[in-house]
Amino acid sequence: MPIFDQGYQHWKGHLSGHAWRWLAVTRHGVRIGMQGRVFRAVLLVSLLPAVCLATALCLWGLAERKSDLVTTIVQFLVSAQILSPGVVDDPRHYRLEIWTLCYNFFLSVELTLSMILIVLVGPNLISQDLRFNALPLYLSRPLRRIDYLAGKLGVIAAFLGLSIIVPCLLTYALGLMFSLDFSIVTDTYRLLLASVAYGVVIILSAGMLILALSSLSRNSRYVALFWLSIWIVSNIVSGVLETTQQVQRRNAHFRQVHLAQQTQAGLSREERRRRMDALRAEQEAQMAEFETQQLEASKSDWRPLVSYTANLSRIGRQLLGTDACWEKLSEVQPSPMRKRFVAQWSGPRYPWYWSAGVLAGLFGLSACILSLSVRSLDRLR
Amino acid sequence: MLFQFEGVTKTYGSVVALDNLSVTAPAGAIGLLGPNGSGKTTMIRSLLGLTRVDRGSGQVLGMDFKHRQLDIRRAVGFVPEDECLFPHVVGVEFVTYAGELVGMSTKDAMQRSHEVLDYVGLGEARYRKVESYSTGMKQRLKLASAIVHDPQLLILDEPTNGMDPRGREDLLELARDLVHNKGMSLLFSSHLLPDVESVCEEIIVLGKGKLLTEGNIQQLKQLHNRSFEVRLKADARPFAERLSALGCGAQMRDDSLLVQIPEGRTQQLLWEVAAQERVQIRNLRPQRSTLEEVFLKALEQA
Amino acid sequence: MTRIPDTRPIVDFHEVSKWYGNVIGINKLTLRVPAGVTGLLGPNGAGKSTFLQLATGQLYPSQGRVRVLGQSVWNNSSINRQIGLCPEQDAFYEWMTGWDFVYTSARLAGLSRSAARDATERTIESVGMTQHQGRAVRGYSKGMRQRTKLAQAFVHDPRVLFLDEPLTGTDPVARHDLMTIIQRLGNEGKSVLVSSHVLHEVQSLTPNIILLNHGRLVAEGNVRDIRDLIDKHPHHIVLICDEYRRLAGRILEWDDVEGVRVLAREKGLMVETHKPDAFYSRLPTLSLEDGMAIKEVYSDDDSLESVFKYLVNK
């Protein structure tokens, strides 16, 4: 027939199976998320720490091979007291520790950037669907609620995966290439797995939390505010609690020192100087003692649990084993300084399963909120 | 057979939405009528498997709606009544996404999306954000997203609500074309009876969760054999008096006349009187009950 | 339907224009709405809502003068006692019960407490909401909300009523009841202006219409008179007859018939003519001719739908 029907045509194509239906939701969400200019800029910025990490690992790899290229840089780092000479002399011994600390620093920066990424793209995920009443359109298609929610979580996973997990893997490969020493893999493969696991924990915890918040309101601005309050305000509150406690303990501890200074009058200059030296030495010792006490006390301190990001960091440190690394690095320090060194650099030492409990609790709460807010249409209008 | 319900009951707390409903619907265009609270929405939701029924069973296009809900939704397109949108996309992306959610590949969905957008008449507007669409355009968009996967059954829930006459006309024309020329079955739920009449051949009337009546529209609208509706150009009263004198029944109704011709005579009697009285008969039709009358009678009988 | 012989215009627009910035809402509209029920029609964006807002004093015309019942409506709160408005928007005080809502409207209109109570009971009864009057409005269905909105519009027995899409969302039962109420209000001598998109409803309510398009007045008056005046579109009249082909031959002999189409399935003809009057006057004698018994005659063309289509789509 020379003239073709311009009207409605039937379609006999192939409909895919059910397993990948959530992927359509994720793709759609990613496409919409990338529409924002600010978001794209922040995404780009979040890839920068990966570059720094890669540089650090490459430098270390070269330093291990005692390459001339890096001698100047290494000397500079030693003189700036960032690297201690003991470490530089025997780099291979401290390889795992340095890699761990580099990854730890990278992941802590990425944690903050992830929070920012989530506040830009997270609130819109479900709240806009509620505002424009898209749920009947979704649920009248062969899509279960779980597909919908998994798809939305996938959006967060896509963006955070891009900024956390993919750099972890790529920089690991890069560091491997620059060291040309495959024994690294046996030393540090656990680090790779741990960092990926940490990334997954962040994605699941933060993703579920922002989805739950997003499903509570039709106005994405309120959701963004709520998220910021969970992140920033909880940090502040936790910090305030910790600081007040620290100041209290410090006052209690140093009260004794004060009393010793009273009896100064009526002594010769020689004796005064000796007394002052003794006093100063005592002060130093007491300071060191205080800090170690602080470290011991932090093992049972609940105050950091208030801050959401502190919980995530604690899990991260546990997975990566950073505290053990600091202990090992302190061996390079002169003996009296060791404890202080560890106390200064490692974080609060409370049990990791407390943080895990808090995060699991939040996860469960988010799941409950989601199943209640994203209701199926089985209700009387 | 389009769908079948057998003894279906659904209650929400103390409210009985569907009460032991048993109905069989043939393929084709079916109108779903009923006052508010009669269970129409619940019935549509149970067809789609969005609501679990307390008792009874049923099938849609041969598939059990208790166990094969996802398969049913693949073969059914639904245009909801309320304002619904996937936000922040343009028209084409909207329909493509709708297709992807049913399981089409992105390429198929994109190609098909343009095809159906041509069909519903959204030309260049498909490249604009959907939030900027007027009501009529949004309805067409929803229709396009419902037929993108070529369903066997299309469910329209109050599709012409709030549309201006032109838009309404276009939408009903599309519905008629899909049913009569393209072989799609249609379930049309609406309060506007003339719309239902212009598209559907069969109707199902629900009331308080029960089936009140069902059947072919033309058969339900009875023909009154000897009764005619007459409208004249001028005042009908003298005409009516002449007819009564000749033994016909004549009642005024609004601005027309209901005339009952006695046995043995035909409409020619009216023409005779008209010629004698020199009046113009502008309208002469056998009296048929309107769909509204059928509906109201069905409600009264319940 | 009896017409009250009061020909004084209730709503009087004289060369009224209204624009919002650059966008024109109403363009030099001169119009007089008489007593009785009148339909206000027009496609989207025609200016119907602007018209209603100008008539109820919510907007001030950029040009021209608006008068209702002989008085200016702008800044004239006393006239509101005589005006009732049922707006299109679905906005209520959701926590109030239906009874409270209508009672408050009555009191706000100036009725005394006892008068308001009686009026509220009467009005709620007439819209059929007595059963639900004790429930809060937030629990009402769309049809119940419409009925309550209509109730508050005429609880204070105004002389002029403006109803904007009063029947949307109502089921056929409610529709039937509300149309009866509106007709009754028109018969009582009130002036009721009903704006609607649903043409067949307006058609059953009244033959008098006002048609707006692009902010201008396109037509006003009785639908049939308007139809007669539309010269461009010939009238289409259907004749059903057993011997339809012979009838066609006879009809084609007449000068004023422009075309005849055969409707084989219905056994009839569709005749096109520009002079319907002459055509109809010849029908009775034609029918009485041998074998030409005309069984049915009707014209779909006379309907509001066709008039609307012709006038708006040109």
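## Chain B against chain A

In this predicted model, 49 residues of chain B are in contact with 39 residues of chain A; contact means heavy atoms within 4.5 Å. The buried area between the two chains is about 4100 Å². Carbon and sulfur atoms give 57% of that area. Buried area is the accessible area (1.4 Å probe) that two parts lose on being put together, summed over both. B:Y97, B:L101 and B:K182 supply 15% of what chain B buries against chain A, more than any other three residues.

The interface of chain B and chain A holds 1 salt bridge. The term covers a side-chain nitrogen of Lys or Arg within 4 Å of a carboxyl oxygen of Asp or Glu. B:D150 pairs with A:K12 in a salt bridge, the closest N and O atoms being 3.7 Å apart. Several elements of chain B each supply at least two residues to the side that touches chain A, including strand 1 (3-12), helix 3 (91-102) and helix 4 (106-120). Helix 4 of chain B gives the most, with 7 residues. By class, this side has 25 nonpolar, 8 polar and 16 charged residues. Here Ala, Val, Leu, Ile, Met, Phe, Trp, Tyr, Cys and Pro count as nonpolar, Asp, Glu, Lys and Arg as charged, and the others, Gly among them, as polar.

## Chain B against chain C

Chain B also meets chain C: 37 residues of chain B are in contact with 39 residues of chain C. The buried area is about 3200 Å², with 53% from carbon and sulfur atoms. On the chain B side, B:P165, B:W271 and B:R282 lose the most area to chain C, together 20% of what that side buries.

The rule finds 3 salt bridges across this interface. C:D277 and B:R282 meet in a salt bridge at 3.0 Å, N to O. The class count for the side is 16 nonpolar, 9 polar and 12 charged residues.

## Fold and cores

Chain B has 11 helices and 14 strands. Helices (H or I, at least four residues) and strands (E, at least two) are DSSP runs, numbered from the N terminus. The C-alpha atoms of chain B fill a box of roughly 75 × 50 × 30 Å along the principal axes. Of the 302 residues in chain B, 58% are buried. Buried means under 20% relative accessible area, exposed over 50%, partly exposed in between (1.4 Å probe, protein chains only). Among chain B contacts between residues at least 6 apart in sequence, 66% join residues at least 24 apart.

The largest nonpolar core has 132 residues. Such a core is a set of buried Ala, Val, Leu, Ile, Met, Phe, Trp, Tyr and Cys residues joined through side-chain atoms within 4.5 Å. A:W227, B:F86 and B:L154 are among the members that touch the most others. Helix 10 (residues 183-214) of chain A gives this core its largest share, 14 residues. A second, separate core of 37 residues includes B:V273, C:I237, C:I251 and C:Y280.

## Salt bridges within chains

Over all chains, the search finds 36 salt bridges. B:D118 and B:R126 meet at 2.5 Å, N to O. B:D118 is exposed at 52% relative accessibility, whereas B:R126 is buried at 5%. B:R140 and B:D170 form a salt bridge at 3.7 Å, N to O. B:R140 lies in helix 5 (residues 135-147) and B:D170 in helix 6 of chain B, so the pair ties together parts 30 residues apart in sequence. B:D170 is partly exposed, at 35% relative accessible area.

In chain A, A:R280 forms a salt bridge with A:D277, the closest N and O atoms being 3.5 Å apart. These residues are 3 apart in helix 12 (residues 269-298) of chain A, so about one helical turn separates them.

## Conventions

Residues are numbered from 1 along each chain as its sequence is written, and chains are lettered from A and ligands numbered from 1 in the order in which they are written. In this predicted model local features need pLDDT of at least 70, side-chain atom pairs count only at pLDDT 80 or more, and totals for chains, interfaces and linings use all residues, while side-chain values use heavy atoms, with hydrogens and water left out.
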